[in-house]
Amino acid sequence: MTRTIIESATKTTIIGFDQPFTVIGERINPTGRKILNEELENDDFSRVERDALAQVAAGAGVLDINSGAVFSGKMAEDPRYADNNFVEPDLMRKLVETVQAVTDCPLCIDSSVPGALEAGLAAAKGRPLLNSVTGEEERLELVLPLVAKYNVPVVAISNDDTGISEDPEVRFAVAKKIVERAADFGIPAHDIVVDPLVMPVGAMGSAGLQVFALNRRLRDELGVNTTCGASNISFGLPNRHGINNAFLPMAMATGMTSAIMNPVALPVGPKKLAAKKAEVEAAGIVIPADMDDEAFCKVFGLGSTLPRAGKEMEAIRAANFLTDNDEGGAEWIKFNKSPEDAAAGGRGGRRRRRG
């Protein structure tokens with residue numbers, strides 16, 4: 001059975017068909033996150049620490065570390081900062097060291113810059129996952145030697161010099177090419193985690209069916225583990241969580257063994273909280289003076305003021321149970337225990353029946 005081993009200094013995560021689905025937390029990524037990008041430019045890594053801990057608490061088995069920042073302020077003072085080959089290696093090292101200082105969760109080193117990949121590999125303890133190689137000739141020649149040198153597994157994205165094909169046959173052929181080229185470097189198939197590329201179902205109605213078919217072929221014909229950017233499937237659609245919650249268990253059933261995604265339901269912010277309180281008060285409902293914000297959120301169905309596992313994690317854990325990758329449903333039961341139940345368990349566990 002194919003097993004991809006990812007390790008930190010003290011912890012191992014196994015991606016495999018006979019293993020619980022692996023969630024690779026995507027939050028440590030400055031792309032599209034303006035505040036995080038600005039903080040990193042100012043050497044403030046406090047949000048990175050919080051994001052790392054929140055994702056692990058929500059169920060991430062691997063943390064993706066992406067160094068793709070744009071330092072506009074420094075760029076204006078020093079033109080070298082316009083070059084990602086200058087910015088990313090040092091930033092990647094700092095990100096890896098920061099995350100390793102607060103958690104022992106295995107890492108995924110993620111960059112398009114070869115120098116940043118090597119800086120991350122050099123700083124990472126254990127055996128991280130490398131993200132990523134494609135079927136492009138230049139990328140194969142740059143990344144596969146790094147994979148072999150550090151003896152790490154790698155994400156293989158199914159596009160090549162012709163771009164991203166909408167034809168699943170082409171995407172499968174690219175994946176097969178990468179597996180074969182990796183073998184030339186002594187890299188075994190169990191260390192290749194293929195990303196078959198998930199297209200938005202809103203733009204391509206067959207996107208889900210394509211991925212499910214590709215998953216089966218990648219599992220049955222190439223014997224490789226798989227991953228994807230899970231939220232791509234719902235891009236541009238309303239109620240994205242609903243689409244994601246259906247997609248993930250279906251993908252798992254057809255052979256998908258991991259996903260790069262956000263495992264955390266973001267907390268309710270002060271603006272949303274204030275707006276809801278104003279709405280409640282306008283309706284003539286008196287909010288008790290001793291009701292704190294967390295209790296208010298619970299009563300009025302807002303969620304939580306604290307980071308917690310997202311709805312997608314519920315779907316994944318249920319699917320793990322249904323595919324017999326959660327022995328006895330232990331993780332499902334643990335996941336669904338309320339704080340009150342957990343506290344009761346800590347005071348002596350289940351109550352005995354009288355009589």
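**Note on the predicted model**

1. Setting aside neighbours within four places in sequence, K94 is in contact (heavy atoms within 4.5 Å) with D43 and F45. K94 belongs to helix α4, residues 84-102; helices here are DSSP runs of H or I of at least four residues, strands are runs of E of at least two, and both are numbered from the N terminus. With a relative accessible area of 24%, K94 is partly exposed; buried means under 20%, exposed over 50%, and partly exposed in between, with a 1.4 Å probe and protein chains only. From K94 to E312 the C-alpha distance is 30 Å, at a separation of 218 residues in sequence.

2. Residues are numbered from 1 along each chain as its sequence is written, and side-chain values use heavy atoms, with hydrogens and water left out.

3. D43, a contact of K94, lies in the loop between α1 (34-41) and α2 (46-58). Its phi is near 60°, a positive value in a residue other than glycine. D43 is partly exposed, at 45% relative accessibility.

4. L197 is found in the loop between β8 (192-195) and α8 (207-222), and it is buried, with a relative accessible area of 13%.

5. The peptide bond between N131 and S132 is cis, with omega about 20°. S132 is part of strand β6, residues 129-134.

6. Regarding the overall fold, the protein chain has 14 helices and twelve strands. Its radius of gyration is 22 Å, close to the 20 Å that the globule rule gives for 355 residues, so the chain is as compact as a globular protein of that length. The radius is taken over C-alpha atoms, and the rule is 2.2 Å times the number of residues to the power 0.38. Of the 355 residues, 46% are buried. Among contacts with a separation of 6 or more, 70% are between residues 24 or more positions apart.

7. An unreviewed UniProt entry annotates residues 21-279 as "domain: Pterin-binding"; such annotations may be inferred rather than shown by experiment. Over residues 21-279, the chain is 49% helix and 15% strand, and the end C-alpha atoms are 41 Å apart.

Methods
This is a predicted model: local features need pLDDT of at least 70, side-chain atom pairs count only at pLDDT 80 or more; totals for chains, interfaces and linings use all residues.
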